[in-house]
Amino acid sequence: MKHKDVALRTDLKLIAEIIEPDSRVLDIGCGDGALLDHLTHNKSVSGRGIELSQKGVNLCVGRGLSVIQGNADTDLQYYPNDAVDYAILSQTIQATHNPKHVLEELLRIGRRAIVSFPNFGHWRVRASLSIAGRMPVTKSLAFQWYETPNIHFCTINDFFALCKDMNIKIAQTLFLDQKGQQKKLIMPNLTGQQAIFLLDRA
Amino acid sequence: MTDDNSLEIQIQDKSVTIPGKRIVFDDPMPLDSGIELGPIEVSYQTYGTLNAAKNNAIVICHALTGDQFVSETHPITQKPGWWAMMVGPGKPVDTDKYFVICSSVIGGCMGSTGPVSVDPKTNKPYGLNFPVITIGDMVRAQKRLVESLGIKKLFCVIGGSMGGMQVLQWAVSYPEMVFAAIPIATAPRHTAQNIAFHEVGRQAIMADPNWCHGAYLEEDKVPRAGLSVARMTAHVTYLSEPALHRKFGRRLQDRTNLTYGFDADFQVESYLRHQGFTFVERFDANSYLYITRAMDYFDLAEEHNGMLANAFKDSPVRFCVISFSSDWLFPTSANREIVHALNAVAADVSFVEVQSDAGHDAFLLKEPGFHETVDGFIKGCAERWFNGQGAGTGAGEGLRL
């Protein structure tokens, strides 16, 4: 079977490394399907996806992936408990209306959940607000305040706190610096631009 | 008994010779109503070649007023086949690769057994003595046809509107015979609004004195006015306000001023009258009653205690559901109901809402993203079906995700 593997974004590559072969995966906000495609062909994963845009779904379906047009806030309720081994929400939680509920849903549908998000506590974000006095527009947050789909920003520390509140076990954390490289950071909430959390049920 | 010759059918007050294939099943077929219908005849067309393994067959299910002439000039209207843009060499349903089968539904008027057929008991046309049929009955007849061609498992079943209902019925009734299913612009049940519009159409037909309580063939009459009004009403439901506005607006027909009368002053009136007028030349009034009734009776959840998801439990079928944003007859919400039910049983499903202002009829058009979705889905399925472990001819051999 011929298959052209596409170069994965660093955060997706890291997520792919976490996932055990032959597992079942639901990728929420799967975009053009790059991660699902990679997992299907390299880890013989049984993958499903949810994507907001018609264009994204078209690309996914064209790749032979099973993806439905929908969104995290309204469509997760229809999935049964324990439907998959991993429910993945990459770079999407900050755009949901009810992140806490979405997180609950991820760990209901998935045995484990993988959540990645841009860190609003990164020093560049802080500098933009404290020194320039402007809402931050960075590479990973590339929108002006009036047009951003990102309505629920959080910092890495905020996310730790929410997991504690919700009694969610954090199995693994990975942080990416501003160059998009995965690093062992001493003060991730200040120097990490993106975070990846592997979560388990309590 | 198969016959590749043309056959003669009765459309309204004239008999028409149509080309094509047909098969007669002498064994009576049990209907959902409990009645047995037989012998039954199924007229159909095929495109492409059935391969040696007999595993490259695609069944196309037509809509309410569609027929078996999918991809060729229609023998009566002389217009291109109703899905010529979708089906053909190099098209999304590629007849260079696949063996495409489309039969006219039973209850219809294009050669398959229906109310215009002769009742062997009376030697007269069935008329209203024809039993009420269902979507399930239509699919049951199609299954007989498919089996008679030596096909154990279909690669794909595809169709829009009432065709989409048949696709869902195929997947629910015979999941072991279907590898992939593409229900388009359809619904898991006919809603009160759907039934209401159909009832208006039926009442228009039955109010026509030429309908003669269904015996117009014997009386040598044609309920033209009634069937025409039924078509006009239905046609409005196939479009959308923006589409009508774009096509006609409030423009006048061949005149510069209003006539202060009831002539077709507006282009939209003239268009609808033309739609009604031409429809009666190719369709039978009683068939219209029977087929709309079959759609009204359709409710997939009903035989599963009202739980639609149960209809799809453990389904090995791969689904691709497609809706259109401006379709208010079978809206995206109805199509999403199917998707959510499939999600609930962790079935394999893709779903796209195609942006279009063409209303329900968008499924007959080449809207951006629509054909690409069908093309991509079929190619993705083919990769699994022919190269993967699913390449078999027996039931249930498809790859299960």
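Visitor: Which residues in α5(B) meet which residues in α7(B)?

Guide: Leu227(B), Ser228(B), Val229(B), Arg231(B), Met232(B) and His235(B) in α5(B) meet Leu272(B), Gln275(B), Gly276(B), Phe277(B) and Phe279(B) in α7(B); two residues are in contact if their C-beta atoms, placed from the backbone, lie within 7 Å. This is a predicted model, in which local features need pLDDT of at least 70, side-chain atom pairs count only at pLDDT 80 or more, and totals for chains, interfaces and linings use all residues. Residues are numbered from 1 along each chain as its sequence is written, while chains are lettered from A and ligands numbered from 1 in the order in which they are written.

Visitor: Why are α5(B) and α7(B) called oblique to each other?

Guide: Their axes come within 8 Å and cross at roughly 130 degrees. Angles under 35 degrees count as roughly parallel, over 145 as roughly antiparallel, 65 to 115 as roughly perpendicular and the rest as oblique. The helices α5(B) and α7(B) are therefore oblique.

Visitor: What makes Asp357(B) count as partly exposed?

Guide: Asp357(B) has 17 C-beta neighbours inside 10 Å. A residue is buried if 20 or more other C-beta atoms lie within 10 Å of its own, exposed if 12 or fewer, and partly exposed in between, with C-beta atoms placed from the backbone. Asp357(B) therefore counts as partly exposed.

Visitor: Where does Asp357(B) lie, and which residues does Asp357(B) touch?

Guide: Asp357(B) is in the loop between β17 and α11 of chain B. Not counting residues up to four places away in sequence, Asp357(B) touches Ser240(B), Pro242(B), Ala243(B) and Ser326(B).

Key: Axes are lines fitted to C-alpha atoms, for helices over the stretch in contact, and angles run from 0 to 180 degrees between N-to-C directions. Helices (H or I, at least four residues) and strands (E, at least two) are DSSP runs, numbered from the N terminus.
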